[in-house]
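Here is a short briefing for a first look. Please view the sequence and the model, then read on.

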Amino acid sequence: MKTIYAEMTEDRIDGDAIAEAGRILREGGLVAFPTETVYGLGGDALNPASSRKIYEAKGRPSDNPLIVHICEAEALRGIADDIPQEAWKLAEAFWPGPLTMILKKKASVPAETTGGLNTVAVRFPSNRIAQELIRAGGGYIAAPSANRSGRPSPTIARYCREDLDGRVEMIIDGGEVGIGLESTIIDLSELPEKAPMILRPGRITQDMLQSVLGEVGQDPGMLGMDAAAPPKAPGMKYRHYAPKGILTIVEGRREAVIRYINEQTERCGGAGRKTGVICTDETVGAYQADVVRSAGSRADEETVAHSLFRILREFDEEGAEVLFSESFADGSFEQDAAEGIGQAIMNRLIKAAGHRVVKV
Ligand code: TXA
Ligand code: MG
């Protein structure tokens, strides 16, 4: 299939291209589009054939459910049953925005979209291109991240093209995304018996959620540190975000981390292997690897979140084979506990590293 490309910005939305994309979606086709978190690969969430196509285009296991994207909070009523008060409170506080809620599903949502589960994941994104597209496509658009399964989620349209050209009807280029990591997922489907639980960390943090709901738990399997606790979000168990090189996270005091990484990259370089390092503005001058990338500043971890997936893809482009990253876990570099988006960064980094963490 020949993929159609359209370019626009949130301030200058191309109405004709959106109308065309809407037609494609309503006829069962697929459109990749920008959101504020990462690019999504959209299909009609209420059409089982569309969901099957999404799995096929991504090369994704079909037991891994999709997030349904809506363009107004009221649309929840069309796909979710027994909606708890908590859901409306969160919608009021954080929608449109990078928060996905898991709720009991209505029969109208096909099993193909929810991977056979009796719950449905729902998100109302804030990106205006996404909102217009969802409206044009009928109001319920299933959209996983627009990468081939296992690759880092795309933060620019070129990465969608690399992964999906010829596999989808259309790709909308809306420039670089803002946040760079996928939405926070919170499970409300077991209320009132069980407290709301975070299944995937993101820009909307546990503190922010607790300020609205009171007690909010975290899936013990979420951070992926404990192999004995499988995560509840089916997608979290798969190998993810993996660069082609072998990535190791190095945890410890700043000087020890720098020394260890430099020793390792020197040794690997000596053996003829191309090396790469993910570090920060504070340390970027201290490394001697072949490809040294600062993800941003420790003083502003949103910059790190914004760059992480791009850097993982750049290592592949550069052919880097042995990779190291500084840690962003609580207490690394003697910093205060990671507030904000630090936990989400570590969650993605640990998966990209296939759980290889070295303490020095
Ligand atoms: O920011 C985002 O959420 C992006 C953009 C495109 O909106 N989308 C995204 O989708 O990250 P995806 O498919 O890459 O990740 C969805 C995650 C998976 O880990 C999946 O297992 C989980 O959500 N999920 C979906 N429905 C679920 C359900 N009913 N119960 C538990 N987990 C669910
Ligand atoms: Mg994904």
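In which loop is the place of P192? P192 lies in the loop between strand 10 and strand 11; strands (E, at least two residues) and helices (H or I, at least four residues) are DSSP runs, numbered from the N terminus. This is a predicted model, in which local features need pLDDT of at least 70, side-chain atom pairs count only at pLDDT 80 or more, and totals for chains, interfaces and linings use all residues. Residues are numbered from 1 along each chain as its sequence is written, chains are lettered from A and ligands numbered from 1 in the order in which they are written, and side-chain values use heavy atoms, with hydrogens and water left out.

**Ligand 1 and its contacts**

- The shell around ligand 1 holds 27 residues, and T37, R60, H69, S183 and G235 come nearest (a residue is near if one of its heavy atoms lies within 4 Å).
- The side chain of N64 has an N or O atom 2.8 Å from an oxygen atom of ligand 1 (a polar contact is a pair of N or O atoms within 3.5 Å).
- For the side chain of R200, the distance from an N or O atom to a ligand 1 oxygen is 2.9 Å.
- For the side chain of S145, it is 3.0 Å.
- Ligand 1 taken alone exposes 690 Å², and the protein buries 97% of that (accessible areas come from the Shrake-Rupley method with a 1.4 Å probe).

**The shell around ligand 1**

- By class, the shell has 15 nonpolar, eight polar and four charged residues (Ala, Val, Leu, Ile, Met, Phe, Trp, Tyr, Cys and Pro count as nonpolar, Asp, Glu, Lys and Arg as charged, and the others, Gly among them, as polar).
- Strand 4 (67-69), strand 7 (119-123) and strand 11 (197-200) each supply at least two shell residues.
- Strand 7 gives the most, with three residues.

**The largest pocket**

- Ligand 1 takes up the space of the largest pocket (on a 1 Å grid over the protein atoms alone, a pocket is an open set of points where a 1.4 Å probe fits, with protein on both sides within 12 Å along at least five of seven lines; lining residues have an atom within 4 Å of a point).
- The pocket holds about 690 Å³ of space (the volume filled by probe spheres set on the points).
- It is lined by 42 residues, and R60, N64, P65, I185 and R200 are the closest to its centre.
- The lining has 18 nonpolar, 16 polar and eight charged residues.
- Strand 7 supplies the largest share of the lining, four residues.

**Backbone features**

- Most residues other than glycine have a negative phi, and most peptide bonds are trans.
- L191 and P192 are joined by a cis peptide bond, with omega about 0°.
- Another cis peptide bond joins W95 and P96, with omega about -5°.
- P96 sits in the loop between helix 3 (85-94) and strand 6 (99-105).
- D82 is not a glycine, yet has a positive phi of about 50°.
- D82 is in the loop between strand 5 (80-81) and helix 3.

How values were computed. Polar contact = N/O pair within 3.5 Å; in protein donor to acceptor, adjacent residues only side chain to side chain. Sits in = over half its atoms within 2 Å of the grid points.
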